[in-house]
Amino acid sequence: MDRDPHVCVMGEDVGHYGGSYKVTKGLADKFGDLRVLDTPICENAFTGMGIGAAMTGLRPVIEGMNMGFLLLAFNQISNNCGMLHYTSGGQFTIPVVIRGPGGVGRQLGAEHSQRLESYFQSIPGIQMVACSTPYNAKGLMKAAIRSENPVILFEHVLLYNLKEKIPDEEYICNLEEAEMVRPGEHITILTYSRMRYHVMQAAKTLVNKGYDPEVIDIRSLKPFDLYTIGNSVKKTHRVLIVEECMRTGGIGASLTAAINENFHDYLDAPVMCLSSQDVPTPYAGTLEEWTVVQPAQIVTAVEQLCQ
Amino acid sequence: MATSFSATLPLHGSQENRLLLPPIRLAPLPSSFLGSTRSLTIPSSRRLYHAHAARRSPVVGVQEVVKEKKVTNSLLITKEEGLVLYEDMILGRSFEDMCAQMYYRGKMFGFVHLYNGQEAVSTGFIKLLTQSDSVVSTYRDHVHALSKGVSARAVMSELFGKVTGCCRGQGGSMHMFSKEHNMLGGFAFIGEGIPVATGAAFTSKYKREVLKQDCEDVTVAFFGDGTCNNGQFYECLNMAALYKLPIIFVVENNLWAIGMSHLRSTSDPEIWKKGPAFGMPGVHVDGMDVLKVREVAKEAVMRARRGEGPTLVECETYRFRGHSLADPDELRDAAEKAKYAARDPITALKKYLVENKLASEGELKTIEKKIDELVEEAVEFADASPQPGRSQLLENVFADPKGFGIGPDGRYRCEDPKFTEGTAQV
């Protein structure tokens, strides 16, 4: 926002409140109430307003207080965000960033625990990225703001408390690239967002048991970085996908299809995908735990695949 | 409903120009609604509403401001202005008539929604705007694009699906865009353009207040009566008034949404009233009379430029044809259609110009001939233009084609030579 006065923020409680997860804390004091706009509760309209502003020269960062609320903005995200550049014959660009916290939290209930990346992935003309560490959060956010394409940046409700030392100076993370988290030889584990931490926890156990997993945080949910992913598959010949999306129609489903289509010859075993249950996330803690993939399941899956 | 224009500004008392708030009525409301031939039953609760309407809101009604204006001469327009308005309406009408012909000859496809009868609204508003002002429309957008300055050739080619179309053939009838003329679309779903218009108005305000630029640009959003029952409409009325955005919401109330009568779908059919509920003036104007529309538009646009915020203008108008070229138009009463046909805005303007000696029949005929030739030429141009090639398939999906990602070979998909051919795997 310092660098480019056209960058602005809009969303519910982003200004005076500092954001529901304090992501925009202090910005309204520094940049004013118009650049950090507290909107009324009208997702479809303020997302559309951000799109209209982007078409006419601004670079809005639109926040969904919870990504689930963006279901109300689906009309604007699909028709105007994704498709307008094309239907206008390339005349208008929509350099918006749509961001917010999503994913399964701690007993937030079904509606606040949704994974919107499944629903948005088919929209042509948008890019989707998911950050998972303070380092890639800063890098991806900057890249998304600077991109001429509309980018949806998925943050996770449980990852805001992570602490990490990151460079003060400018850097960006490439929107289309995946991140190598742990190189290995035996199996490729593809994951993103919060599940990265479950995978790394499982990885500790697996290393103790003598396995050498390669862990890749795909980061770019649309499009997939088939180069990084492909190189890994060609090396290990086994793939496990660990995601938080539901079984049906999630990112994992698409990734499984893409790997089978592109790298079938390199696989020694079918691609395995661990996803959340096709269940509305229950409120009760025990039930909630059983809907998402836990480290123990990851360990079992790797052992199975590596037999 | 008179077809001739009065020589002086229309004052209150005429059905066509309502005050901001209705007077307290002790007698029951008339049982017909505007020119509709359907009867409207007023429930007794509505009489209670009108009794309370005496509470004045601090919002000044646009009509009141217009009424206070001193009229120095008795004519509303000069000759030059009159000819510009006439030519624009004739262009709109001839173009749409040609679209119908071309559609039935198999040159144009899909859903095509024609604007015949509503020309006074487009001309009345858009001819007051500058190039840098923005217009947002719906699927009934051909004439808004033409009034805004997009060439007839570009619009016709777009309708034929040719590369020379304003959107390279990729948008079609319902997506007329022009960056040069600030025509921000063309939207297929009703209501989805209104937030975009609100955003364009937001940019105007942002430019003034954050970027400290001189910016007086206003945005005009056109939409119909059906849209006024949609959530996005209300959400935007709220935000526009809240942030005092330079936007004018123009409702083209033609009484019908495909086959749904406005009266059957709306609890309170008087749409202009919804403006004051959100803190902006709500004005009702006879949309079959281009001069009346223009007077209201002038004040609404000036309000917006002065930074006083939005206005809601409801234009009573009518579409002479069906909702689209696929609509058999069986539900509308012949008597209703006849009543509005007698109020044809073009005939009315012609009469005004001739009777007030602003133009001769001969001059107007010259304009009509010129437009006929222009539209014919546009068709020839569109016919002769090439269809999009395969190479166009993948362009314009992303402003930055890196968005298609990195392929298994490590190169970006868009670097694949087949990408420009339109045959790359993406």
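Modeller: What follows is a set of questions on those labels, each answered from the predicted model.

Colleague: What makes chain A as compact as a globular protein of its length?

Modeller: Start with the make-up: 11 helices and 12 strands in chain A. The radius of gyration of chain A is 19 Å, and the globule rule gives 19 Å for 307 residues, so the label holds. Buried residues account for 61% of the 307 residues in chain A.

Colleague: Why is L108(A) called partly exposed?

Modeller: L108(A) has 36% relative accessibility. Buried needs under 20%, exposed needs over 50%. The value for L108(A) falls in between, so L108(A) is partly exposed. L108(A) sits in the loop between β4 (97-102) and α5 (117-120) of chain A. With Y21(A) and V23(A), L108(A) makes a nonpolar surface patch of about 210 Å².

Colleague: What about C215(B)?

Modeller: The sulfur of C215(B) has its closest cysteine sulfur in C8(A), 14 Å away, again too far for a bond. C215(B) is buried, at 6% relative accessibility. The disulfide count over all chains is 0.

Colleague: Why is the pair K142(A) and E170(A) called a salt bridge?

Modeller: The closest N and O atoms of K142(A) and E170(A) are 2.8 Å apart. The cut-off is 4 Å, so the pair qualifies. K142(A) is in helix α6 (residues 134-146) and E170(A) is in the loop between β6 (151-156) and β7 (179-182), so the bridge ties together parts of chain A that are 28 residues apart in sequence. Both ends are partly exposed: K142(A) at 23%, E170(A) at 46%.

Colleague: How do you know that R196(A) and E179(A) form a buried pair?

Modeller: Their closest N and O atoms are 3.0 Å apart, in a salt bridge. The pair links helix α7 (residues 195-208) to strand β7 of chain A, 17 residues apart. R196(A) has 9% relative accessibility and counts as buried. E179(A), at 17%, is buried too.

Notes: Residues numbered from 1 in each chain as written. Chains lettered and ligands numbered in written order. Predicted model: local features only at pLDDT ≥ 70, side-chain atom pairs only at ≥ 80, totals over all residues. Heavy atoms only, no water. Patch = residues over 30% accessible without salt bridge, like charges linked within 9 Å, V, L, I, M, F, W, Y side chains within 5 Å. Areas by Shrake-Rupley, 256 points an atom, 1.4 Å probe, with all protein chains shown as cover. Salt bridge = Lys/Arg side-chain N within 4 Å of Asp/Glu carboxyl O. Helix = DSSP H or I, 4+ residues; strand = E, 2+ residues; numbered from the N terminus. Buried < 20%, exposed > 50% of the residue type's maximum accessible area, 1.4 Å probe, protein only. Rg over C-alpha atoms; globule rule 2.2 N^0.38 Å. Disulfide = S-S within 2.5 Å.
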